[in-house]
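How do two chains meet, and what does each bring to the contact? This short report looks at the interface and then at the symmetry behind it.

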Number of protein chains: 2
Amino acid sequence: MESDRPRPIGRGAKVRTAVHAATLAELVDKGYAALSVENVAQRAGVHKTTVYRRWKDRESLLTDALTEHVATDIPIPDTGAIETDLRALARSLVQSFTSPAGQAILAAMFTGAAHLPEIASARRHVFHDRLTRATPVVTRAVERGELPSGTDPAELLKTLAAPIYLRLLITAEPIDEETADRTVRITLAAARSGALRPPQTP
Amino acid sequence: MESDRPRPIGRGAKVRTAVHAATLAELVDKGYAALSVENVAQRAGVHKTTVYRRWKDRESLLTDALTEHVATDIPIPDTGAIETDLRALARSLVQSFTSPAGQAILAAMFTGAAHLPEIASARRHVFHDRLTRATPVVTRAVERGELPSGTDPAELLKTLAAPIYLRLLITAEPIDEETADRTVRITLAAARSGALRPPQTP
């Protein structure tokens, strides 16, 4: 058992990072059903009471690890042109979902742990974080005059992501670079036609 | 207990319809977790052995009832113009998902029963059936010269449905007629630009 005395700043962050990494590694190797605080603690090289001090159960640990991971796994491009920016973004999304970690995360979020309210909330937050981080891609394109003024960044980014999620969650079709490039063509056509401005815009 | 003698044709279909209706009614009233063959049989006015003779467990009963229900709940419009056809289709989809039955079905398919392989398969089949039934909407528009020759009906219909599913399954935003009308504008802009033809089409 560890004492409850305050620890120097830095150690907490290191434990947190190690436990998050161990959680994802366990998820990838063994799946959601077999995920346990004991195994995560062992893999992270910490005592399980250290884990329980920060996370009340495996569900909150999982939600926290997933949120942190997916909030930062898609780099935000700045190539100077909307078409190449969107292509990089859509391809990163496809790559993230088709990686072993991405597959394990999807399986946990949409199958094994889909019944947990925390997971539904994590799905919303993760998506919202990604939208917020990618918003400059759209605002820069509007400033450069590549897209109609008033184009709604959130609508554009949802249009970009929607066909990828449909394939992942409904049709179970494979997704690849062509899936990414096609959703870019669809999204750009919609944006240039003005369909991605708020409805009240003339 | 009922005997195993053959029964006149017609009775089986009636039992099937009654049991499907009872399954959906139980799902709407009580949710997936509380769904039981006993309750379904009682509601349908049949003995539970009658149910077990046709369906091996509540999962196969549920999958069968859902597949039958959602394969026919969206009427296929033929208004003579692609814009009004797609608007009717998208609005029907939104209405279906926002009805009490639609909400209960979504909760079962994507939350309560999401871990069942039969349900993943049912999601694919249901979507594929809807696509197939709606395909004439697109082929007629191409024949009328409203959309570019070579427009892929499946791609168009997936583009139409994707933003609705994204809101239902990821962002948890409300969906309404404006959601439907917006995805029609996006889809038409993409189709008219040629982005919904197969990639090899020049």
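In this predicted model, chain A and chain B bury about 2,800 Å² between them. Carbon and sulfur atoms give 65% of that area. The size of an interface is often given in this way, as the accessible area lost when the parts come together. In residues, 32 of chain A are in contact with 32 of chain B.

The interface between chain A and chain B, in counts:

| Item | Value |
|---|---|
| Salt bridges between chain A and chain B | 6 salt bridges |
| Polar contacts between chain A and chain B (both residues at pLDDT 80 or more) | 8 residue pairs |

One of the salt bridges joins the side chains of B:Glu155 and A:Arg182, at 3.0 Å from N to O.

Which helices of chain A each supply at least two residues of the side that touches chain B? They are H6 (100–112), H7 (117–143), H8 (153–171) and H9 (177–192). H8(A) gives the most, with 11 residues. By class, this side of chain A has 17 nonpolar, 5 polar and 10 charged residues.

Now the symmetry. A rotation of 180° superposes chain A on chain B, with 0.0 Å of shift along the axis and an RMSD of 0.1 Å. That is the relation of a two-fold axis. Both copies use the same surface: 100% of the contact residues of chain A recur in chain B.

Which residue of chain A comes closest to the rotation axis? It is A:Ala162, with its C-alpha at 2.5 Å.

Methods: Residues numbered from 1 in each chain as written. Chains lettered and ligands numbered in written order. Predicted model: local features only at pLDDT ≥ 70, side-chain atom pairs only at ≥ 80, totals over all residues. Heavy atoms only, no water. Contact = heavy atoms within 4.5 Å. Buried area = accessible area lost by both parts, 1.4 Å probe. Salt bridge = Lys/Arg side-chain N within 4 Å of Asp/Glu carboxyl O. Polar contact = N/O pair within 3.5 Å; in protein donor to acceptor, adjacent residues only side chain to side chain. Helix = DSSP H or I, 4+ residues; strand = E, 2+ residues; numbered from the N terminus. Nonpolar A, V, L, I, M, F, W, Y, C, P; charged D, E, K, R; others polar. Least-squares fit on C-alpha atoms with pLDDT ≥ 70 in both.
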